[in-house]
Amino acid sequence: MKPKFIAIVAMLFSLIILSYSKIEPNLSITELKRLYSGGDYTKWPKPEVDSIVYAQGFEDIGILGKPEFPENNPYSEEKAELGKVLFFDPRLSKSGQISCANCHDPELNWGDARRVSYGEGRLQGNRNAPSLMNIAYSKVFFWDGRAATLEDQASFPIQDTKEMNFHIDLATKRLNKIKGYKPYFKKAFGKEKLTQEEILKAIATFERTLISPKSKFDKFIAGDSTQLTNRQVEGLHLFRTKARCINCHNTANFSDNKFHNIGLTYYGREYEDLGRYNVTGKAENVGEFKTQSLRGTAQNGPYMHNGLFPNLRGVLNMYNAGMPQPKRKESQKNDTLFPTTSKLIKKIALSQSELTALEDFITSLSTGAYKMRPPVLPQ
């Protein structure tokens, strides 16, 4: 009996060891922490990614590299400094009261913490102002992608009647009349008067310098295993596997730079917003919005394009339930604009403990308040 008992104990012990050592499907927190913080991404557990995402060129999460500046607008310290001054200058608005920083406040992680923003005359916009942090890594701009470049993006709020409400030509003429700007112009572009294109280039150059410091996640995967708690490590693994987040929130900036309909079109109701369709006019784009980066997201509430979600847990609860999946009514059978939620959105059924782990991991992508003192404006 004794040898048989020893054999059984040995077999059970071997099974326990095996369950803690194999990569798939059961991994202990200790093993997950070792793999993810080892500094070698090739040893990470395989992410659970849909085939269509792989086909479109999937890129895993990781540490941000150096931002790239376009060939037609290379970086210079003088241009970035000019862009910073312009960013904070309300004279780019018709009333002289609204600047870019009104909706993208450095003390609020380059957002404004409102459901939707206010502009000239306290007019309320239709969408939430996303953070500009790490905008250098974006390839599409605005929630609906209406701007082709960051330079192009900078012109929209100046001309929008609900934002700065000024024609870019008139704003340029106003700035060129300000004597105190001439030294800035001279240093940045070699002349004392600028075109509207050069003003937008300067603003975009400054915006590309808004790079977040290393987060706990960045330090963890670079080799410091103490940076994340066990629960955050569990959340990281859930993020890349069962929770399906990585299907859209991938790349080092945690955004695939694509547009998706996640079921929040509010079609035929209050808050209706057809998203990218308003730009392209294509029915397949109804309800699609840009995938926002999750870096700093714990500081960027409220959430979604309309700011209707006040906290991160509410967003996760919606994803966990599979987001809205609208069904056509009899009267909508031939409605070509009826929105269809993306096939990437599925019910996940995470436990409350798993949701907490996931939320804690996403919090590890934030880095604290970004402090920047507004510049003295030229007179």
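The lining of the second largest pocket comprises 13 nonpolar, eleven polar and eight charged residues, where Ala, Val, Leu, Ile, Met, Phe, Trp, Tyr, Cys and Pro count as nonpolar, Asp, Glu, Lys and Arg as charged, and the others, Gly among them, as polar. This pocket has a volume of about 560 Å³. Of the 32 residues that line the second largest pocket, Ala136, Tyr137, Ser138, Lys139 and Asn257 are the closest to its centre. On a 1 Å grid over the protein atoms alone, a pocket is an open set of points with protein on both sides within 12 Å along at least five of seven lines, a cavity is a set of points where a 1.4 Å probe fits but cannot get out, and lining residues have an atom within 4 Å of a point. Grid points are joined across faces, edges and corners, and a volume is the space filled by probe spheres set on the points.

The model is predicted, with pLDDT of at least 70 required for local features and 80 or more for side-chain atom pairs, whereas totals for chains, interfaces and linings use all residues. Residues are numbered from 1 along each chain as its sequence is written, and side-chain values use heavy atoms, with hydrogens and water left out.

The protein chain has 14 helices and two strands; helices (H or I, at least four residues) and strands (E, at least two) are DSSP runs, numbered from the N terminus. Taken along the principal axes, the C-alpha atoms fill a box of roughly 100 × 55 × 35 Å. Of the 379 residues in the protein chain, 51% are buried (under 20% relative accessible area with a 1.4 Å probe, protein chains only; exposed is over 50%, and partly exposed lies in between). Among the contacts (heavy atoms within 4.5 Å) with a separation of 6 or more, 69% are made by residues 24 or more positions apart.

The largest nonpolar core has 43 residues, and those with the most contacts inside it are Ile61, Phe217, Phe239, Phe254, Met304, Leu358 and Phe361. A nonpolar core is a set of buried Ala, Val, Leu, Ile, Met, Phe, Trp, Tyr and Cys residues joined through side-chain atoms within 4.5 Å. Helix 14 gives the most, with five residues. Leaving aside neighbours within four places in sequence, Leu358 is in contact with Gly235, Phe239, Ala243, Cys245, Leu316 and Leu350. A second, separate core of 38 residues includes Leu82, Ala147, Ala188 and Tyr370.

The buried residues of helix 7 (168-176) are Ile168, Ala171, Thr172, Leu175 and Asn176. Viewed down the helix axis, the buried residues of helix 7 fall within an arc of 135 degrees, so they line one face of the helix; the arc is that of the directions from the helix axis to the C-beta atoms. These residues pack against helix 4 (77-87), helix 6 (150-159), helix 8 (182-189) and helix 9 (196-207). Helix 6 is mostly covered, with seven of its ten residues buried, namely Leu150, Glu151, Gln153, Ala154, Ser155, Pro157 and Ile158. The buried residues of helix 6 pack against helix 7 and helix 9.

Most residues other than glycine have a negative phi, and most peptide bonds are trans. Phe254, in the loop between helix 11 and strand 1 (259-260), has a positive phi of about 60 degrees although it is not a glycine. Phe254 is buried, at 0% relative accessibility. Asn109, in the loop between helix 5 (100-103) and helix 6, has a positive phi of about 55 degrees and is buried, with a relative accessible area of 5%. The peptide bond from Gly301 to Pro302 is cis, with omega near 0 degrees; Pro302 is placed in the loop between strand 2 (289-290) and helix 13. Asn128 lies in the loop between helix 5 and helix 6 and is buried, with a relative accessible area of 7%. Not counting residues up to four places away in sequence, Asn128 touches Arg114, Arg115, Val116, Trp143, Pro302, Met304, His305, Asn306 and Gly307.

The structure holds one cavity of 30 Å³ or more. About 40 Å³ of space lies in the largest cavity, which is lined by Asn109, Met133, Ser212, Arg295, Gly296, Gln299, Leu365, Ser366 and Thr367. By class, two residues of this lining are nonpolar, six polar and one charged.
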